[in-house]
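The sequence and structure come first.

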Amino acid sequence: MKRLFSKKQTSQLNKAEVEPESLPNHVAVIMDGNGRWARKRLLPRVAGHKRGVEVVRELVKQCAKLNIEYLTLFAFSSENWRRPEEEVTFLMGLFMEALQREVVKLHENNIRLILIGDRAGFSDELNAQIEASEKMTAENTGLTLTIAANYGGRWDVLHAAKQMVAANPSNDSFNEEDIAPFLSMHYAPEPDLFIRTGGEQRISNFLLWQLAYTELYFTDVLWPDFDLACFDDAIISYQQRERRFGRTSEQVAKA
Ligand code: IPE
Ligand code: IPE
Ligand code: MG
């Protein structure tokens, strides 16, 4: 595997066990547990979301520093509209505020920002801010930061299938490769490592198609407490896995 770091840089990682030469190329995260983090402190749920944004900032910085190519964060699911209206309004406002505040910094750090999800659910102002942020960072060649907002895995597959059929109406024998270019993450390889914080062990309609062979990592740590040492733990767990993609261990060892 391609070496990403010199020996000297290796020591900057928090834990010696992380092997810098076999880092995941694409990390996808369900950032869960904000509400419980706040409740434990007798704060309103939204205080947890606010703190959660700080954790996002640190994780983005770390992924850029490690030369991880893709970081994909689940910020708002298509089912999260079922939450109390005031929480939804707060989350939309927080998203807008974070974009406004952070986009120049992302750009200065050569980070490309992309939003996946159904934008029809957002206000015109938010959509304008999203488009401007994507446009500003479109040519950047460092980390690709994907934010999944009003995203659902089933929506993604259905949307892609409809587009695929519309683009090739006379074709009656589609295969897996045909749908790939229409999926919302067509620009990225499938995630290597999936992380879910907050203790639940489920996918909650995140990237259903793309997670087929991703290594799954669940931790009880609540998102606002997920620090860089916790991220190291996830990477260490990933590095201990053997990815077989259907083959036998013996075949993998020989490859
Ligand atoms: C994740 O934290 C953030 C979003 C879903 C927007 P939660 O808000 O789901 O926190 P818990 O799961 O209730 O603790
Ligand atoms: C998943 O978390 C969605 C995001 C983190 C954005 P939820 O808290 O909504 O998931 P469930 O409802 O517990 O499955
Ligand atoms: Mg939750």
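Strand β2 (residues 70-77) contributes four residues to the shell around ligand 2, the most of any element; helices (H or I, at least four residues) and strands (E, at least two) are DSSP runs, numbered from the N terminus. The model is predicted, so to speak of its limits: local features need pLDDT of at least 70, side-chain atom pairs count only at pLDDT 80 or more, and totals for chains, interfaces and linings use all residues. Residues are numbered from 1 along each chain as its sequence is written, chains are lettered from A and ligands numbered from 1 in the order in which they are written, and side-chain values use heavy atoms, with hydrogens and water left out.

**Ligand 2**

The shell consists of Ile30, Met31, Asp32, Phe74, Ala75, Phe76, Ser77, Asn80, Arg83, Arg196, Arg202 and Ser204, where a residue counts as near if one of its heavy atoms lies within 4 Å of the molecule. By class, five of these residues are nonpolar, three polar and four charged. Here Ala, Val, Leu, Ile, Met, Phe, Trp, Tyr, Cys and Pro count as nonpolar, Asp, Glu, Lys and Arg as charged, and the others, Gly among them, as polar.

| Residue | Distance to an oxygen atom of ligand 2 |
|---|---|
| Asn80 | 2.9 Å |
| Arg83 | 3.2 Å |
| Arg196 | 3.2 Å |

Taken alone, ligand 2 exposes 390 Å², and the protein buries 78% of that (Shrake-Rupley method, 1.4 Å probe).

**Largest pocket**

Ligand 2 sits in the largest pocket, meaning that more than half of its atoms lie within 2 Å of the grid points. On a 1 Å grid over the protein atoms alone, a pocket is an open set with protein on both sides within 12 Å along at least five of seven lines, a cavity is a set of points where a 1.4 Å probe fits but cannot get out, and lining residues have an atom within 4 Å of a point. The pocket volume is about 1,100 Å³, taken as the space filled by probe spheres set on the points. Its lining has 44 residues, with Met31, Val53, Val56, Phe74 and Ala75 nearest the centre. α4 gives the most to this lining, ten residues.

**Largest cavity**

The structure holds one cavity of 30 Å³ or more. The largest cavity is lined by Phe95, Leu99, Leu113, Leu115, Ile130, Ser133 and Ile147, of which six are nonpolar, one is polar and none is charged.

Technical notes
Polar contact = N/O pair within 3.5 Å; in protein donor to acceptor, adjacent residues only side chain to side chain.
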